[in-house]
Amino acid sequence: MSLKDRTLDQQCTVTRPGVSNIAASYAVELLVSLLQQPLKELSPAYYATTKDATGSTSDMPEGLLGVIPHSIRGSLFNYENILPATQKFSQCIACSEKVIGAFQAEGDNFLFKVFETSTYLTDLTDISKFEEINNEVIDLESDLELSD
């Protein structure tokens, strides 16, 4: 059976069972941290501290329980967590303006569309255009290899 037409979380059959417990524990820790943060879900993103010309460092935004990361990357190879500080992706399928706007406008109907169609969010945010471009690049590369 092909997993090609499934969402990313449904495609992985090897790491998902083991990593899901780790992800669930991080989700609980983040929820508790957000509940203790006065700004709740509007807490500022974690960012790297920098030194200016005078040598003073900027303060890192923290909650009562420490830094509240907006993204966590991990490696099971060396059991290391990385908290990347990045710009907001304008086509994020979770928090982009298009997704938030559609949810606010449509409410439950938006959720039903997401649940019923595995490509709804990628089409809404134009992520599917990236896939088309990627396929075109692969086709061009294969044409170049054939001509050699």
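## Overall fold

Helices (H or I, at least four residues) and strands (E, at least two) are DSSP runs, numbered from the N terminus. Read in sequence order, the chain runs α-α-β-β-α-α-α-α, a total of 6 helices and 2 strands.

This is a predicted model, in which local features need pLDDT of at least 70 and side-chain atom pairs count only at pLDDT 80 or more, while totals for chains, interfaces and linings use all residues. Residues are numbered from 1 along each chain as its sequence is written, and side-chain values use heavy atoms, with hydrogens and water left out.

## Burial

Of the chain's 148 residues, 11% are buried, where buried means under 20% relative accessible area, exposed over 50% and partly exposed in between (1.4 Å probe, protein chains only).

## Helices 3 and 4

Helix 3 (residues 97–106) packs against helix 4 (residues 108–116) at an angle of about 125 degrees, with the axes 6 Å apart. Helix 3 is therefore oblique to helix 4; angles under 35 degrees count as roughly parallel, over 145 as roughly antiparallel, 65 to 115 as roughly perpendicular and the rest as oblique. Axes are lines fitted to C-alpha atoms, for helices over the stretch in contact, and angles run from 0 to 180 degrees between N-to-C directions.

Helix 3 contributes Val99, Ala102, Phe103 and Glu106 to the contact, and helix 4 contributes Asp108, Asn109, Phe110, Leu111 and Lys113 (contact means heavy atoms within 4.5 Å).

## Cysteines

The structure holds 0 disulfides, a disulfide being a pair of cysteine sulfur atoms within 2.5 Å. The sulfur of Cys95 lies 3.7 Å from that of Cys92, its closest cysteine sulfur, which is too far for a bond. Cys95 is partly exposed, at a relative accessible area of 32%.
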